[in-house]
Amino acid sequence: MKVTLPVRKAILERRTYEAPAEGRFGKVRLDFNENTTGCSPAVRKALARLSTKELAMYPEYELRTRALAQYFRVRPDELALTNGGDDALRVFFDTFVEPGSHILICEPTFPMYRYYAEIAGARVDVVCYTPQMEFPLLDVLSGLRTKPRVFFLANPNNPTGTLVSKKHIAKILQHAANTVVVMDEAYVDFSGLTFIPWIRKYPQLFIARTFSKAAGLASLRLGAVIAQRDSLALVRRAMPPFPVNLAALVGAVAAIEEGKTIARYVRDVKRLRTWLTVELKRRGVRVFPSAGNFLLADFGEAGPAFFRTLEKHNILVRERSKDIGPGFARISIGTEAELKKILRLFDAGR
């Protein structure tokens, strides 16, 4: 018997984002914008207190959702929890994007927007950051005139580090009466600029958040969608009844209640981000302003060879030679000791 599986065309043609997620343990991981110092010790203690009976039950969300809503300064009915930040993006395709419809993105950016669009069979309209990695406001406003189903904007943007101002976001929302505007605030802890307070004014505005970065809970997979109650109710219709596991909930609540570990990590990132920028520029490397826990740097013609040297020494950075240009890399802000290893190897190769 010959078996032929009836696979959707969109799945067969999907090509975006194959994550190199294996074989990273024990290396200097400056490629995924992770918190390399680790999560709060309070998280491990909270997880250890989970009973065998609790682990055998389906999770209950109400009390912990209240705690997380208070952290975001919203009401519980304005917050939906998801299985990581990636899943917080997927729900918009399940809710708003029909096959053959189109979305708008600004590249280079987080590839999961295009990834989910390909799976949904949607068309991707693209505008581009400038060579200086500045946000192309006029191109975005022009793209919104075609009424895309969703406009995705990472703010700060990954990998450029670009932060779009309140003034520009206001113009976007005023031009997006027929478009869902998803503000991906994965790196908001490092920029200090959130648009959560705007959700009650703009029903088309949705905020996506994650506990994978500043909180250091990437392995537990917890994300969130924040929006006006009635708008969020539409998204909930596309979500399963138990989207988040208990360990993620317990860990996140412990992390925000302790709080000091996150605050210390954010302070260190900001300090080291400035320090690394100065050190790289002093060595002739082009560095772009960043509001995230990473830097985009252009090492020029010597870049690809330098990245291979880093790999040989078990130091991982995210090379962007293919999609931005030869010699470009995104470097996560790790510890000072981790970053000094990069500088020493760079100096040794000059």
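**Legends to close-up views of the predicted model**

**View 1. Overall fold of the protein chain.** The model shown is predicted. Its protein chain comprises 14 helices and 12 strands. The radius of gyration is 21 Å, close to the 20 Å given by the globule rule for 350 residues, so the chain is as compact as a globular protein of that length. Along the principal axes, the C-alpha atoms fill a box of roughly 60 × 55 × 50 Å.

View 2. Among the 350 residues of the protein chain, 54% are buried. The chain exposes about 17200 Å², and 53% of this area is supplied by carbon and sulfur atoms.

**View 3. The largest pocket.** The volume of the largest pocket is about 1100 Å³. Its lining consists of 47 residues, and those nearest the centre of the pocket are Phe32, Glu34, Lys213, Ala218 and Arg221. Two or more lining residues come from each of helix 2 (41–48), helix 5 (84–96), helix 6 (112–120) and strand 7 (205–210). By residue class, the lining of the largest pocket contains 22 nonpolar, 11 polar and 14 charged residues.

**View 4. The largest cavity.** One cavity of 30 Å³ or more is counted in the model. The space within the largest cavity amounts to about 100 Å³. Seven of the residues lining the largest cavity are nonpolar, one is polar and three are charged.

View 5. Glu118 is located in helix 6, an element that gives two or more residues to the lining of the largest pocket. The relative accessible area of Glu118 is 12%, and the residue is therefore buried, the limit being under 20%. Apart from neighbours within four places in sequence, the residues in contact with Glu118 are Ala10, Arg14, Arg15 and Thr16.

Methods
Residues numbered from 1 in each chain as written. Predicted model: local features only at pLDDT ≥ 70, side-chain atom pairs only at ≥ 80, totals over all residues. Heavy atoms only, no water. 1 Å grid on protein atoms, 1.4 Å probe; cavity = no way out; pocket = protein on both sides within 12 Å on 5 of 7 lines; lining within 4 Å. Points joined across faces, edges and corners; volume = space filled by probe spheres on them. Helix = DSSP H or I, 4+ residues; strand = E, 2+ residues; numbered from the N terminus. Nonpolar A, V, L, I, M, F, W, Y, C, P; charged D, E, K, R; others polar. Rg over C-alpha atoms; globule rule 2.2 N^0.38 Å. Buried < 20%, exposed > 50% of the residue type's maximum accessible area, 1.4 Å probe, protein only. Areas by Shrake-Rupley, 256 points an atom, 1.4 Å probe, with all protein chains shown as cover. Contact = heavy atoms within 4.5 Å.
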